[in-house]
Amino acid sequence: MAEKKQPAKAPQTFYIATGRRKTAVARVRLTEGRGNIVINDRSVDQFFSEDKDRAAVLSPLKLTDQLTRVDVFIKTNGGGITGQAGAICQGLARALKTMFSPTSEQKRHTFNNTTVIKSYQDEKKAREKAKAPTVKPPTPVITGPRPAIITPIIPGAAVTPAAPLDPADIATGMIKKLRDSGFLTRDARMKERKKYGLRGARRGTQFSKR
């Protein structure tokens with residue numbers, strides 16, 4: 001009896017990134033979808049019981065208006081609940097940045113009809129760009145007052161529609177939003193370890209005369 005062939009798997013594209021906060025690590029996979037978010041095989045509401053942690057996880061998606069346009073699969077471990085929420089927030093922001101980045105800044109791996117894309121930066125080009133001197137354009141000097149040009153508005157006249165935005169400009173704006181909001185920055189604050197001879201990280205013993 002001939003075996004039935006299984007239907008071919010539909011091609012999928014995942015954008016992957018890693019986020020960290022304190023001792024927590026979150027590995028994020030992002031793909032086009034309908035807004036499903038799965039964290040350690042559980043939903044956001046089941047994994048996080050506090051509203052502030054849920055808001056931290058969803059904030060990068062809300063900022064870029066991708067809350068109902070992508071599906072997110074997250075594996076997180078280490079740290080506490082708040083640390084994991086911060087790690088997921090950074091990982092989501094990095095995955096979104098990879099999704100909006102140009103092809104030259106992406107590294108692709110394809111296997112079994114699945115494409116995995118992660119962020120890639122040419123270190124040689126980055127060093128050359130950092131070393132290159134930035135030349136500011138000269139400031140134009142205006143001598144004397146200039147009359148303001150006012151365009152009259154004629155009722156009933158045809159209004160010229162604005163030119164459509166370039167997708168590259170939209171992507172650059174999304175990345176700028178994420179960077180300005182601080183979601184791409186690694187939070188360096190950590191719990192300082194206890195020191196020998198002290199009661200805590202820096203707290204010394206209280207002097208007692210007797």
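Biologist: What makes β6 and β7 a pair, and in which sense do they run?
Modeller: Pairing takes at least two bridges between two strands. β6 and β7 have six bridges, in the antiparallel sense. They therefore count as paired. This is a predicted model.

Biologist: How many residues lie between the strands of the hairpin of β6 and β7?
Modeller: There are two residues between the strands. Asn112 in this hairpin takes a positive phi near 50 degrees.

Biologist: How do you know that β1 and β7 pair, and in which sense?
Modeller: The cut-off is at least two bridges. β1 and β7 share four, in the parallel sense. That is why they are called paired. One of the bridges links Gln12 to Thr114 in β7.

Biologist: What joins β2 to β5?
Modeller: Eight bridges, with the strands running antiparallel. Thr31 has Asp71 in β5 as its bridge partner.

Biologist: And what makes β3 and β5 a pair?
Modeller: Strand β3, residues 37-39, and strand β5, residues 70-77, have three bridges in the parallel sense. At least two are needed, so the two strands pair. Ile39 stands opposite Ile74 in β5.

Biologist: How many helices and strands does the chain have, and how do they follow one another?
Modeller: The chain has five helices and seven strands. From the N terminus, the elements run β-β-β-β-α-α-β-α-β-β-α-α.

Biologist: Why is Phe100 called buried?
Modeller: Phe100 lies in helix α3. Its relative accessibility is 17%. Buried means under 20%, so Phe100 counts as buried.

Biologist: Which residues is Phe100 in contact with, leaving aside neighbours within four places in sequence?
Modeller: Thr64, Gln66, Ala171, Met174 and Ile175. Phe100 and Ile170 are 70 residues apart in sequence, and 8.7 Å apart C-alpha to C-alpha.

Biologist: What share of the chain counts as buried?
Modeller: Of its 210 residues, 27%. Among contacts with a separation of 6 or more, 71% come from residues 24 or more positions apart.

Biologist: What makes the phi of Lys22 worth a remark?
Modeller: The value is near 55 degrees, which is positive, and Lys22 is a residue other than glycine. Lys22 sits in the loop between β1 and β2.

Biologist: Why is Lys22 called partly exposed?
Modeller: Its relative accessibility is 43%. Exposed means over 50% and buried under 20%, so Lys22 falls in between and counts as partly exposed.

Biologist: What is the phi of Asp65, and where does Asp65 lie?
Modeller: Phi of Asp65 is near 60 degrees, a positive value in a residue other than glycine. Asp65 is in the loop between α2 (51-63) and β5.

Biologist: How much space lies in the second largest pocket, and which residues line it?
Modeller: About 180 Å³. The lining is Ile16, Ala17, Thr18, Arg20, Arg94, Lys97, Thr98, Ser119 and Leu184.

Biologist: Which element supplies the largest share of that lining?
Modeller: β1, with four residues. β1 (12-21) and α3 (81-100) each supply at least two.

Biologist: How many residues of each class has the lining of the second largest pocket?
Modeller: Three nonpolar, three polar and three charged. Arg and Lys count as charged, so Arg20, Arg94 and Lys97 of the lining fall in that class.

Key. Residues numbered from 1 in each chain as written. Predicted model: local features only at pLDDT ≥ 70, side-chain atom pairs only at ≥ 80, totals over all residues. Heavy atoms only, no water. 1 Å grid on protein atoms, 1.4 Å probe; cavity = no way out; pocket = protein on both sides within 12 Å on 5 of 7 lines; lining within 4 Å. Points joined across faces, edges and corners; volume = space filled by probe spheres on them. Buried < 20%, exposed > 50% of the residue type's maximum accessible area, 1.4 Å probe, protein only. Contact = heavy atoms within 4.5 Å.
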